[in-house]
Amino acid sequence: MRSRSWPRKKRRQPGRYYIPAADIFETDEALTVILEMPGVQKNNVTIELENGVLRVDGQIDFSNYKGMEPIYTEYNVGHFTRGFTLSNKIDQAEISAQLDSGVLTLTLPKAKDALPRRIALE
């Protein structure tokens, strides 16, 4: 039996990817998504929106860990990635993001036609 060599797909980044823990909160005006991304610096976060999918990538700068050997860890150290499919009830042009101490907060405002409103009786 001969073995066949299959071409390997190139990955964007080597190594493991982790799915960051997420909490999602809703108000009448917006959804708030909170992602834990420990060790990720602001300049190493990429947030993209394409075809209704919001994708978040965070890259760890491993040079900060040079010469250190982990003894015990409770969170994953590596690259983070997470995707969310958005409905048409989100105003995609108004999405905002903030990173503070390894916590990424995404604010997804609801589209005007998705906001609750009171209907008057005639």
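These legends describe close-up views of a predicted model.

Local features need pLDDT of at least 70 and side-chain atom pairs count only at pLDDT 80 or more, while totals for chains, interfaces and linings use all residues. Residues are numbered from 1 along each chain as its sequence is written, and side-chain values use heavy atoms, with hydrogens and water left out.

**View 1. The protein has eight strands and zero helices.**
From the N terminus on, the elements run β-β-β-β-β-β-β-β. Strands (E, at least two residues) and helices (H or I, at least four) are DSSP runs, numbered from the N terminus. Of the 122 residues, 24% count as buried. Buried means under 20% relative accessible area, exposed means over 50%, and partly exposed lies in between (1.4 Å probe, protein chains only).

**View 2. An open antiparallel sheet has the strand order β2-β3-β8-β7.**
Four strands make up this sheet. Two strands pair if DSSP finds at least two bridges between them. β2 (22–26) and β7 (96–100) stand at the edges with a single partner strand each, so one side of each lacks a neighbour in the sheet. Neighbouring strands here are turned by 15° against each other on average, direction ignored. Axes for this angle are lines fitted to C-alpha atoms, for helices over the stretch in contact, and angles run from 0 to 180 degrees between N-to-C directions.

**View 3. β2 and β3 form a hairpin with three residues between them.**
Five bridges join β2 to β3 (residues 30–36), and the two run antiparallel. Phe25 has Thr32 of β3 as its bridge partner. Ile24 stands opposite Val33 in β3. Val33 is buried, with a relative accessible area of 5%. Its C-alpha atom is 5.8 Å from that of Asp23, a residue 10 positions away along the chain.

**View 4. β3 also pairs with β8 (residues 103–109).**
The sense is antiparallel, over seven bridges. Thr32 stands opposite Thr107 in β8.

**View 5. A second open sheet has the order β1-β6-β5-β4 and mixed pairing.**
Four strands form this sheet. β1 and β4 (40–50) stand at the edges, each with a single partner strand, so one side of each is left without a neighbour in the sheet. Two bridges join β1 to β6, and these strands run parallel. Tyr17 has His79 in β6 as its bridge partner.

**View 6. β4 and β5 form a hairpin with two residues between the strands.**
Seven bridges join β4 to β5 (residues 53–60) in antiparallel fashion. Thr46 stands opposite Asp57 in β5. Asn51, in this hairpin, takes a positive phi near 55°.

**View 7. Tyr18 and Phe80 form a tilted aromatic pair.**
A search of the whole structure finds one aromatic pair. The rings lie 6.3 Å apart, centre to centre, with 50° between the planes. Rings of Phe, Tyr and Trp (its six-membered ring) pair if their centres lie within 6.5 Å; planes under 30 degrees apart count as stacked, over 60 as edge-to-face and the rest as tilted. Tyr18 lies in β1 (residues 17–18) and Phe80 in β6 (residues 79–85), so the pair ties together parts 62 residues apart in sequence.

Pockets are found on a 1 Å grid over the protein atoms alone: a pocket is an open set of points with protein on both sides within 12 Å along at least five of seven lines, whereas a cavity is a set where a 1.4 Å probe fits but cannot get out. Lining residues have an atom within 4 Å of a point; among them are Ile24, Glu26, Leu31, Val33, Phe84, Thr85 and Lys110. β2, β3 and β6 each supply at least two residues of the lining. By class, the lining has seven nonpolar, two polar and three charged residues. Ala, Val, Leu, Ile, Met, Phe, Trp, Tyr, Cys and Pro count as nonpolar, Asp, Glu, Lys and Arg as charged, and the others, Gly among them, as polar.
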